[in-house]
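Student: Hi, could you walk me through this model? I'd like to ask things as we go.

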Amino acid sequence: MRKKTGLLVTAATLAGIGLWGASAVGQNAAGPFTQAQVDAGHQAYADACAMCHLPDLAGTNDAPALAGSAFMGAWKNRSTAQLYSKIAATMPAGAGGSLSQKQYTDIVSYILAVNGAKAGTTAFTPTTAVTIASVATGKVTLIAAPKPAAGNTGATAQTAGRQESAPANGPGDGNAQPQGSLFARAMAGARIPDPGRFTVSTKPGLTVEGNIQNYTPVTDEMLRNPPDGEWLMYRRNYQGWSYSPLDQITPENVKSLQLKWMWSLPENGTLEITPLVHDGILYVWGTGNTVQALDAKTGELLWENRLGPPPRQPGPGPSTEETRAMGLWGTNIYVNTPQGYVYALDARTGKQVWKTHITDEKPIPNGNGAMFGGSTGGVIIINGRVLVGMTNCGRKGDDNHCYISAYDAKTGKRDWIFRTVALTGEKGGNTWGGLPDNERKGGETWIAGTYDPSSNTTYWGTAQAKPWRRDLRGSGDGATDYANSTVALDADTGKLKWAYNHAPGESLDLDEVFERVLVDHGGEKSLLTIGKAGILWKLDRTTGKFLGAKQTVFQNVYAGFDEKTGKVVYRQDIKDQKVDQWLSSCPGPQGGHDWQATSYHQPSDALIIPLSQSCVFMLGNGSQTYFEMPGTDGNNGRLSAYRARDLKPLWSFQQRSPFLTGVVSTKGNLAFVGDFDRVFRAVDTRNGKTLWTTRLGTTVQGYPISFMVGGKQYIAVTTGLGGGSPQLKPSTLLREVKRPPNGYNLFVFGLPD
Amino acid sequence: MTFKFGMLALVAGLIAAPAFAADYQTNLGPMPLDDETKTVIGGRGEVTATTDGNTLTVKGTFRDMPSSATEASIHTSPVAGVPGAQIFTLDVTKASSGTISGTIKLTGAQAQALRTGKLYVQINSEKAPDEYPWGPKGTLWGWLFPKYTYAGPGVPQQDHWFLPQYDVPSR
């Protein structure tokens, strides 16, 4: 077959289709593209690609590296025509083919140039076929941005205008500088047609100032024992249950559930938020860091603060642009932003009280103005401190590392940090295979932690070490502490009490970073969590000792997994992996389980868990292609319940679409969950039977909640798009599902009056 | 003890053909899918397999492939979800929908592979790429597992439900 391909290429060359064809081109000979294409490609890349693949082509999360050894490992033996075909068919993610042919050829030219290929005199075309290793060296050559075209000055003027008019507490700070795509510049420049027809302005800043009277400050005691009708934090209680003690809505009357009100949230970007409810006010975060307060009964807007910056691209955003949870304490609401800021806003007015940045706006070397440190997981408020995790934690060679940090809720002053990467000489520091400290990366925390007040301990999950493939990482069989671990920290000091590494030396983007659920059974104080590999873990949360585990979906990554000890043994070809080798991974990066969090239904001791069933082939640079998980009959989604006490399976059902929300369960024996194909449903917690469904405008995505106002129980949920593997995999695997690229909304359901 | 048991099982598998009748099934799904291949790869299928002594009889249907089937085969696999070598060819309808069938004599090792979820069915088609970086072309595939109950989409199962990890006798 390889001979056949070679013959085809040769024939194409002879026919003059590929000017460079298969002719011998010396190492690092002039590339099959022009400097003009590189310059144009630089701008096109900035507009369409840099958001995910990063300005220096280093890649992040689901976006593979496009420069350096990882790129060359994957592409050196393939042709420029194949690279063009791949990019034109699949990029931008979810919108393959949406750019012009010129833009695609320019982008390929730019990528080759950054990888050391030299511009020549012949223009690159879609059929130009030359082996990439024959022109590119993989030595990264960052290229200075081309001078802005005349047409760009308008955007600059708009930028200046926006900054001038933005209020002091708006986005007129360093991070809010509109960068990147024309769309981002237009959005930041308030170019949205808004000639005064909307009462709510689309300009950034405090667009509607609130005047909420008789607001009840949120106390530590309220956070420890939330009032039944309120939702004051991410998973409602410190233990991470997402369980509401409300029971007006029952299996008997849920069929009559009806829409009470809805609210349209800002479009574009990534929406995965948990609404909060206190004192009859519902708080919600929208894309562009738009924070809004609404009357929870009527849906009336009470205040709005558009913190900015707006999404960088039109349409659904990547997995780095969301936040999942805000927090309430005193008279403030606390918001972390994907750009790494933490804000305290007055919950009564929306005015900014304080603002800080988790890395003090430390710039990324060669980051084109980007800052080290983002935050997508949300916050948890403990003892008057705002605790927040971190993403975007540096690259190999720099001295940045991920940490969890805590801020005085009154002032924003940083109280402590806990670095999630163990360095040389520290406990766990010998688990990185001798890597220099500046090459130990990863350990992001992209889900807010939980808290046990009785021991004053906060529990967080961490993501895998980076790069995620161990062949690139260079850490050998090292466990890479404290990546893919549960860390137990003193909530007042951030000091480590214990850590448990669930997947030592993880290598296929199978994070163990998600929710930590705290459950007591008599004297047993346990912590339950489940990661992308689909293993439900139970630990003693006092000591970190392994108590048990249960596999929830098929997996082939571990050749051995001992449910009695928790020890995992990787498949041999994973241990022996090479950068240019495709590896099968079941589950793939969609999980198993992902950010769609478990609910603990206390009355039945049931953990109700959204699960996904897909597999991937993965290349060293992170390139992936997908297939259905064996034995699933094409069902990507699964919702399963396990008894927390002994991990006994209770019930489970599968469906074609994965679940894209967390679960909320109620004392009324109902669990609510939404899916990729727009269905929001109520399930009987006792047997898994679906009792009520409704079809919403687009993917039901976020964290549903239940609350009470005016003596009546309500259920709230958001629809929205954007995100990483949980969106990307089913978008390709479930071709029959048709969804609009818009429809970011908040829905509130209740029983008839 | 585990090692000894494994060796015994391995030896037994190598020298003995299966002495029991068993039913297997799989649901064929598209592979591999990304935004580049999804235009030429698609469809579904269902396959059952029955053993009688060392004879394996395979029957199945497929539908909705973007182009006509060219060949169908059975492959061995190091573990479910990891591709491996072709060991048998099957008869297949040369169309986008149709049937597959075949009767095969299994060696002891192949029978052991069947019992442990390490055989899979694959159908290739005209428009699928000639090859993938990790191996030969394919359009639909599915691993043969012991016959199991599938309740249907959205229908809950209680206490126990099929999970290849547990329901394949050994790995």
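**Where the chains meet**

Tutor: Happy to! Strand S36 of chain A and strand S12 (residues 157-158) of chain B run antiparallel and are joined by two bridges. Strands here are DSSP E runs of at least two residues and helices are H or I runs of at least four, numbered from the N terminus; two strands pair if DSSP finds at least two bridges between them. This is a predicted model, where local features need pLDDT of at least 70 and side-chain atom pairs count only at pLDDT 80 or more, while totals for chains, interfaces and linings use all residues. Residues are numbered from 1 along each chain as its sequence is written, with chains lettered from A and ligands numbered from 1 in the order in which they are written.

Student: Which residue is the bridge partner of Ser652(A) in S12(B)?

Tutor: That's Gln157(B).

Student: Switching topic: what is the strand order in the open sheet of three strands in chain A?

Tutor: S30-S33-S34, with antiparallel pairing. The edge strands, S30 (583-585) and S34 of chain A, each pair on one side only. S30(A) and S33(A) share three bridges, and Leu583(A) has Met618(A) as its bridge partner in S33(A).

Student: Which helix packs on that sheet?

Tutor: H12(A) does, touching S33 and S34 of chain A, and its direction makes about 65° with that of S34(A). Axes are lines fitted to C-alpha atoms, for helices over the stretch in contact, and angles run from 0 to 180 degrees between N-to-C directions.

Student: Last one: how is chain A divided into domains?

Tutor: Into domain 1 (2-134), domain 2 (150-194) and domain 3 (220-750), with bounds from an automatic or database domain assignment. In chain A, 18 residues of domain 1 are in contact with 25 residues of domain 3. Helix H4(A) gives the most to the domain 1 side, with four residues.

Technical notes:
Contact = placed C-beta atoms within 7 Å.
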